[in-house]
Amino acid sequence: MANDVHDDFRSRRDLEEGIQRDFRRKMSYGDYLRLDLLLAAQQPQSEPLQHDELLFIIQHQTSELWLKLMIHELRSARDLLSQDELAPALKRLARVKHVQHTLTDQWSVLATLTPSEYAEIRPFLASSSGFQSAQYREVEFLLGNKNADMVGVFDHDPKAQRDLTVLLHEPSLYDGFLAYLARRGYAVPTELLDRDWSQPYVHHEGLVDVFAEVYAAPHDHWGVYETCEELVDVEDNFQQWRFRHLQVVQRTIGQKTGTGGSTGVDFLRRALDLTFFPELYEVRTRIGS
């Protein structure tokens with residue numbers, strides 16, 4: 001009997017008197033997070049219903065939520081740089097890096113989907129594809145990978161197309177950083193400060209010279225030096241996400257064509273050659289030389 005009382009004591013926690021119980025006129029956790037909408041958004045299309053489709057849907061829906069936060073933070077970081085507010089901009093980038101780690105780690109969950117299991121749900125995806133993620137393209141535009149052709153992919157979604165068009169013609173995060181450097185007296189080439197923002201960024205050797213001075217004496221340029229390394233972290237994380245995506249696709253569908261019409265693995269592999277901040281990588285060759 002004594003043991004029964006002891007076990008009951010250890011496995012039960014009584015509610016405290018002050019804990020709220022009546023939410024008829026007060027906001028609840030579910031109300032605040034709109035869980036009625038959020039948890040009703042998973043609508044499998046498979047017939048008969050396939051067990052693994054819920055995993056596929058939740059994987060991509062949660063990724064879209066994290067991308068929404070990344071866009072929020074990257075926009076803020078860029079705008080803070082335009083106001084010469086470097087410290088809070090770096091705080092935003094630190095958060096972005098944690099979001100990136102979460103997005104990359106999520107691929108390990110999707111990787112539990114075997115080729116045979118994915119084959120059961122793939123027909124129900126029809127022509128839908130992650131390639132059509134407008135938020136992913138917004139992140140790329142904010143980081144400087146501008147491509148006007150991508151805007152045309154969203155003719156079916158006027159709001160997404162408007163949002164991408166705006167970002168296409170705005171400075172990227174890197175453009176904002178270069179403008180910040182110029183206002184601080186760094187010799188940023190003028191053609192990088194007054195250009196068509198809708199065009200892809202092109203490497204400039206003169207900017208490598210600027211960064212070479214920073215890396216030659218980090219303590220004399222600490223804020224700028226730290227920002228350079230934060231940007232490299234962001235790109236490195238982005239490349240790890242791309243590579244992990246490639247791996248998961250390869251192990252799931254091999255060399256099949258993607259549902260959105262791309263060549264699949266080969267298309268994803270070519271993305272690994274893209275870079276957002278080329279001078280920050282080239283300058284490493286000069287350090288200590």
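Which residues make a nonpolar surface patch of about 530 Å²? I looked, and M27, Y29, Y32 and L33 make it.

**Ground rules.** I am working with a predicted model, in which local features need pLDDT of at least 70, side-chain atom pairs count only at pLDDT 80 or more, and totals for chains, interfaces and linings use all residues. Residues are numbered from 1 along each chain as its sequence is written, and side-chain values use heavy atoms, with hydrogens and water left out.

**The patch.** I noted that patches are made of residues with over 30% relative accessible area and no salt bridge, where like charges are joined within 9 Å and nonpolar side chains (Val, Leu, Ile, Met, Phe, Trp, Tyr) within 5 Å. The areas come from the Shrake-Rupley method with a 1.4 Å probe, and for residues only the protein chains shown count as cover. I found M27 in the loop between helix 1 (2-11) and helix 2 (29-33). Helices (H or I, at least four residues) are DSSP runs, numbered from the N terminus. M27 counts as exposed because its relative accessibility is 58%. My scale is: buried under 20% relative accessible area, exposed over 50%, partly exposed in between (1.4 Å probe, protein chains only).

**Salt bridges.** Side chains of opposite charge can pair when their charged atoms come close. I counted a salt bridge when a side-chain nitrogen of Lys or Arg is within 4 Å of a carboxyl oxygen of Asp or Glu. How many salt bridges does a search of the whole structure find? I got 19.

**R183 and D84.** I saw these two side chains meet in a salt bridge, at 2.9 Å from N to O. R183 is in helix 10 (residues 173-183) and D84 in the loop between helix 4 (53-82) and helix 5 (86-110), so the pair ties together parts 99 residues apart in sequence. R183 is partly exposed at 43%, and D84 is partly exposed at 37%.

**K97 and D233.** Here the closest N and O atoms of the salt bridge are 2.8 Å apart. K97 belongs to helix 5 and D233 to helix 12 (residues 222-253), so this pair ties together parts 136 residues apart in sequence. Is K97 buried or exposed? I have K97 as buried, at 15% relative accessibility, while D233 is partly exposed at 29%.

**E205 and R286.** This salt bridge spans 2.8 Å, N to O. I traced E205 to helix 11 (residues 205-216) and R286 to helix 14 (residues 278-286), distant parts of the chain 81 residues apart. E205 is partly exposed at 37%, and R286 is partly exposed at 31%.

**A network.** My last entry is a network of salt bridges linking R75, R78, D79 and E170.

Key:
Helices (H or I, at least four residues) and strands (E, at least two) are DSSP runs, numbered from the N terminus.
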